[in-house]
Amino acid sequence: MLAWMFSEEEWSASRRFLIAGVFWGAVAVFYEAIFAWKIGFPGFLNGIAWFSSGRVAAIAGDAAVFGFASNLLIAAAIRFAPRLGRASGIGEGIAHLAFWSWNLAAGLAWWHLSAGWTRGRAWGEAPWPSDLLRLLAVLILGLAFARAVRRAGREILDDAPAMFVGAALVAMPVVLILGKGLFWPFHNPYAGITDALAQAYVATALNGFWLLQLAAAAIFGFVPALAQRPLHSAPLAYVALLSLCAFAPFAGPAAFVWGPVPFWLQTIGAVSAMLLVLPAASILANLWKTISARWRTIGESPAAAFLLTGAIGLVASASARAVVAMLGPSQFAGLSVWAGAEWTLWMYGGIGAVALGAAYALAPALTGRTFVSRRLQWWHYWLTTGAVVTSAVALMLGGLIQGAAWASGTIPFSASSAAVAPLLVLRGVCAWGIVIGHGLFAWNLFLSADSGEVATAAERELAPAAGA
Amino acid sequence: MRMNAMVVAWLVAGALLTGYVATVALPNADPALRKGTERFVALSAEEAHGREIYVRENCVACHTQQVRLPEKRFGVVRAAGDIGDESQAGDYIGQNPVLLGSLRIGPDLARVGARLTRAPQIIAKLRDPATAGGRVHGYGFFRDDELRDLAAYLLSLR
C-alpha cells in the first residue's frame, strides 16, 4: 500500500487522494468522538494540552472538512475531468503536486491546532501556512482541469459532474482569499462585527461552493454508473448550480438571527438559508429519479446506498438550518446544541456519506480489486447511518430542551445542562460508533487492495450506461 | 441545453463576489457598525494576553459571546437576567478574531465579568474539574500567569 503513495501510473493521484481521505477520515472521526465524549464525561483526557476540548473541536472540524471529505471528493473529481484518449485528463505529475500540497496543509493544520496556533475563526481555524498550501493545491488542480477541458475541445458542461467540479475549483480560491483574508501579511484582516460576517461568509461559501458542489459531482458521476442508467435530468442539475449561486453567497448572516448584526442582513441571510433547501432537494430528486429506474442498485451496492443517504442528509441538514434561520424557532433552537445536529447531519450524514459512497465506488476502479467483504461494507453503512440519525435526533431534542429552559427566564443554565446531559452522552456513544464504522471501512479497503479479487470490468470503468 | 465552461466560471465567481460585497464589504463600510458602544473598552496588556489564551484554547467551541435580543436581561445563568444586556455591533470594535460563537455547551460569556467578579472564583472554575461548579474544564496545564491573565480578560467582559 505504501508503494502507491509514490508511484506514478495512471490514476495514481486519484488513488492517493482516496487513501489520504481514509486516513484523515479516521483522524476526523476520532477527534469528533473525543470531543463528544469529553462533553458527556468531562474528566476524559483532562489536563492534557493537546487534547483540551476546544483544540480537539477545532481539529475535528478541520480534519473532517479538508482531510476527510475533501480528499475523497477530490479523488472522485479527478475522475470527472474530461479524459484525453483513455488517460486521465489531469496529468498525474501535476496532480501529485496538488496532493502533497493539500495533505501537507492538513498535517500542518493538525499540528498547529494541537499546539494552540489558530486563527480562532469558525470554519477557518487553520493558520495561514495551511491556507496557502490549500490555495496552491486548488490552483494547480483548477489549471490542470481547465487545460483538460480546453484540450478535450468540448463543452464539458453537458456533463454534470465536470460542471460541478469546475465550479468548485473556481470557487475555492475566492473563498480562501476573500473569506479567510489571505492578503499579505496573512493575518486576519477583518475585525469586529465584520470578522463575524466574514467568518459566516467562509462557512456558507465553503459548504455551498466547495463541499456541496464536489458532492453533487460525485452523485451525478457515480449514481448513473452504479445504476447503469443515464442521469435523469441535466436541466435539473443546472437548477442545483443556479440556485446555489443565487442563495449560498448570501446565507452567511443567517448565523446571527436576533444577534448583533443589522436586521436587513439577518433577513437576507435567513431567506437565503431557507432557499438553500432547493439545491439540495434538486440533487436528491435527480438522484432519486435516476436510481428509481433500477431500485435494486441500492440493495446491491453500499456505494449507492451511501450516495442516496448522503443526498437525503444534505436535504435534512439544509432543512435543519432553515428552521433556525426563522425568527420564531431560532429563539428556541438558536445557539443551542441544535447546531451540533446541523453539523452532524451535514458533515457525516450528508457530505461525508456522499464522500464514502464515492470512495466505495472508486476504490475498485483505483486499486483494480473488488472489496473482499460486502458484509463489512454494510456494517459500515448501518453503523454510520444509525449513529448519525441517532445523534442528530438527540442533539435536536437537546437543543429544544435547552431553548425551552433558556426561554423560561427562571431555569439556571446548569439545570438545562443537566437535562440534556444524557442526550449528549448518547451522542458520544454514537460518535464512537462512527469511529468503529470507519475502522471497518479502512480495514476492508486494506484487505481488498492487498488480496481482493480482480475487479470486474464494470467496476473498473465506472461508466454510465451507453446513451447517457 | 448546454452551458459553456466560461459561463459557469464567471457565474460562480460573480455570485461569490456579490455575496462578499453584500454581506461583508457593505456592512464594513457602514459607519453605524463602526461606532463603539459605551460598553466598549480597550483591553489592558494582561487582558489582551488572556484573550489570546481564550483564542488559543478555542473556548468559542463551547461558549458564545453574544446576548440576543429576546434574552437580554432575561436569560438565566444562575440568577434571573444575569446573562446581561443585548449585544450590539459596537461592542466588538477591533476584536480580531471576533468570538461570537454559535453553540452553547457552557453559558454565554459576553457579560461574565458582571456575574463572576473575583479572579480566584474564575481560576478555580478553569483549573480543576473537580471543584464545585467547574465540572467541564481541565485547564490544569495553564501556567499561573496564564490563569491570572485569562481571569483578567473574563472580568473585563461586562
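A residue is called buried when its relative accessible area is under 20%, exposed when it is over 50%, and partly exposed in between, as computed with a 1.4 Å probe on protein chains only. At 3% relative accessibility, Ser448(A) therefore counts as buried. Ser448(A) belongs to helix α15 (residues 413-451) of chain A, where helices (H or I, at least four residues) are DSSP runs numbered from the N terminus. Leaving aside residues up to four places away in sequence, Ser448(A) touches Arg369(A), Thr370(A), Phe371(A) and Val372(A), contact meaning heavy atoms within 4.5 Å.

This is a predicted model, in which local features need pLDDT of at least 70 and side-chain atom pairs count only at pLDDT 80 or more, whereas totals for chains, interfaces and linings use all residues. Residues are numbered from 1 along each chain as its sequence is written, chains are lettered from A and ligands numbered from 1 in the order in which they are written, and side-chain values use heavy atoms, with hydrogens and water left out.

Helix α9 (residues 277-291) of chain A packs with helix α7 (residues 234-247) of chain A at an angle of about 165°, their axes being 8 Å apart; axes are lines fitted to C-alpha atoms, for helices over the stretch in contact, and angles run from 0 to 180 degrees between N-to-C directions. α7(A) and α9(A) are therefore roughly antiparallel to each other, given that angles over 145 degrees count as roughly antiparallel, under 35 as roughly parallel, 65 to 115 as roughly perpendicular and the rest as oblique. The residues of this contact include Phe247(A) of α7(A) and Pro279(A) of α9(A).

The axes of α9(A) and helix α6 (residues 192-227) of chain A come within 10 Å and cross at roughly 5°, so α6(A) and α9(A) are roughly parallel to each other. Among the residues that make this contact are Phe220(A) of α6(A) and Leu287(A) of α9(A).

Turning to the backbone, the peptide bond from Trp184(A) to Pro185(A) is cis, with omega near 0°, and Pro185(A) lies in the loop between α5 (160-179) and α6 of chain A. In chain B, the bond from Asn96(B) to Pro97(B) is cis with omega near -5°. Trp123(A), although not a glycine, has a positive phi of about 60°, and at 25% relative accessibility this residue counts as partly exposed.

Note on methods:
Helix = DSSP H or I, 4+ residues; strand = E, 2+ residues; numbered from the N terminus.
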